[in-house]
Amino acid sequence: IKVYKKGTSSPLHINRSSLVDLFNDNQVDYTITKVSERLKMESTLYKNIFYVFIERIDHYRRNRNLYEIPVVSIASTIQQDAKKLLQEEHLLEAITNQLQLAGISDTRLGLQLYIASLSRLTETPIHCVVGAPRLLGHELIGEFVAILPDEDTYEVTTISKHALSYPPTEDYWKNKTLILHQLESIKEKDNTLLEYLLHGKSKRMVAQSDVKTGQYQCQKKNITSTIQLISYLQADHHPVLASKHVLHIPLGQTNNIKDALYEKEVKSHSGLLDVRAIEQSQNILQQIPRTLKAVSVYNPIIEQVDISAFFGKDIKSLGLYLRLTNMITLLHQQHQNIRLTKIGQMIDVKPIYMITALELYRELWLKKDDELPFNVRSTFSALKSQLRKTYPNDYLSTTFKLKDLRKALGKSPVTFQRHLHTLELYGKLERSGGNNRIGYDYKVLEWQDTHNKVDAYNALIENLKALKN
């Protein structure tokens, strides 16, 4: 062990021991005493530093396999097939075909998740939550895991409150996808994963006891790695859905999906599935993220088209739309020349990519009132009418609390609160202030009817098509 004193241009050599048994208290105490004498400092100060060093060495000894970068063996044919696929003229159609060959029952959902999953490579990953019944969601997410790179995916059924704060290595969570099968388990407030999903980071100050001295010390446990979550949820509301980084995808055409799963189950137990072909397609789809280069994306179209005419003040949907557009652009990097700029390699967004993001994720941008449960739809209509009546001049910017309108609408507190949660989930309302103790302030985001919203959606697509031509 060599001990140096930092803080000078050339570190001062303090002590050198050719052989020290770190689990022998006599040798450890002797080393601490010698170093303290050379430094002319109290032995307790250096003792804490030395004990931390011992803990780190012991932790590495017990978990050395986790520190090794996994070596992924990839056949050359798979690499070539992945590169060839990325060069396809109609890339998304080709990927959809591969998804079907890989055993994905709902290829539309599979493509939506696959594009969003690429965001784990960026500094701001998009977290995906599929709105589906528990058993159906479990099956669909289970299929999707098979097409994600094994070395960058962690699949768990549950996760403890502070598991993210104690990774075995510093880079354990970096650019990783976490598949969580029980999203309901992270509802509690004191949960590191929930904090990370809501704020994009988690900075906690914790008190821990020293192994040797038994004294409690404050330590920072910060989570700033780019972790991506993919999960499913049956309930209408969950705290994570309020995050601007969470993409909630409602599952449509459940009968068709159930039929596809039923057919797949029958073939699986009858020996009618071509397992080798399925595995080959899965390997090709796993290889695509490994093949993509880490390049920046520039969107020059934003200055040419007013997208706020459609998205309005819905900042969350606007941000998710632009980020998904960037992921589609990143996927098409083989279709354009990569420019070298002062900040690195860069590619440009094309109008067709923005149109694709609008059409592929249409149900996210056009959440119709008809999709709402009848009781919730009635509450929303009565709510807007009451606000127009009470605040005729400035109802567009008015905020309200649950207790302000509950009696006027004739709703019980529990029912009204549940309806507000659902409306918030569908992007009809947003929380603009308040807290759980005094009550939250809500603001209506969507005053225009569905017909006007569809017109604005179609107009945006036509404007983008005009740029494409």
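Predicted model: local features only at pLDDT ≥ 70, side-chain atom pairs only at ≥ 80, totals over all residues.
1. Salt bridges as a group.

2. Glu184 and Arg134. These two residues form a salt bridge in which the closest N and O atoms are 3.7 Å apart. Glu184 lies in the loop between strand E5 (176-180) and helix H8 (192-199), whereas Arg134 belongs to helix H7 (residues 134-145), so the pair ties together parts that are 50 residues apart in sequence. Glu184 counts as partly exposed, at 26% relative accessibility, and Arg134 also counts as partly exposed, at 40%.

3. Arg290 and Glu151. Here the closest N and O atoms of the salt bridge are 2.8 Å apart. The pair links distant parts of the chain, with Arg290 in helix H10 (residues 275-291) and Glu151 in the loop between H7 and strand E4 (153-156), 139 residues apart. The two partners fall into separate classes of accessibility: Arg290, at 26%, counts as partly exposed, while Glu151, at 18%, counts as buried because the limit for that class is under 20% relative accessible area.

4. Glu263 and Lys267. This salt bridge, with its closest N and O atoms 3.2 Å apart, lies within one helix: the residues are 4 apart in helix H9 (residues 254-270), and so are separated by about one helical turn. Both ends are partly exposed, Glu263 with a relative accessible area of 44% and Lys267 with one of 31%. Elsewhere, salt bridges that share partners join Arg120, Asp152 and Lys176 into one network.

5. The largest pocket. Its volume is about 1500 Å³, and its lining consists of 50 residues, of which Ala242, Glu424, Leu429, Glu430 and Arg431 lie nearest the centre. By residue class, the lining of this pocket divides into 24 nonpolar, 11 polar and 15 charged residues, and a colleague inspecting the pocket may wish to view the lining with these classes in mind.

6. A nonpolar surface patch. Ile1, Phe53 and Ile57 form a nonpolar patch on the surface, and together they have about 220 Å² of accessible area. Of these residues, Ile57 is placed in helix H2 (residues 43-62), where Ile57 is partly exposed, with a relative accessible area of 41%.

How values were computed:
Residues numbered from 1 in each chain as written. Heavy atoms only, no water. Patch = residues over 30% accessible without salt bridge, like charges linked within 9 Å, V, L, I, M, F, W, Y side chains within 5 Å. Areas by Shrake-Rupley, 256 points an atom, 1.4 Å probe, with all protein chains shown as cover. Salt bridge = Lys/Arg side-chain N within 4 Å of Asp/Glu carboxyl O. Helix = DSSP H or I, 4+ residues; strand = E, 2+ residues; numbered from the N terminus. Buried < 20%, exposed > 50% of the residue type's maximum accessible area, 1.4 Å probe, protein only. 1 Å grid on protein atoms, 1.4 Å probe; cavity = no way out; pocket = protein on both sides within 12 Å on 5 of 7 lines; lining within 4 Å. Points joined across faces, edges and corners; volume = space filled by probe spheres on them. Nonpolar A, V, L, I, M, F, W, Y, C, P; charged D, E, K, R; others polar.
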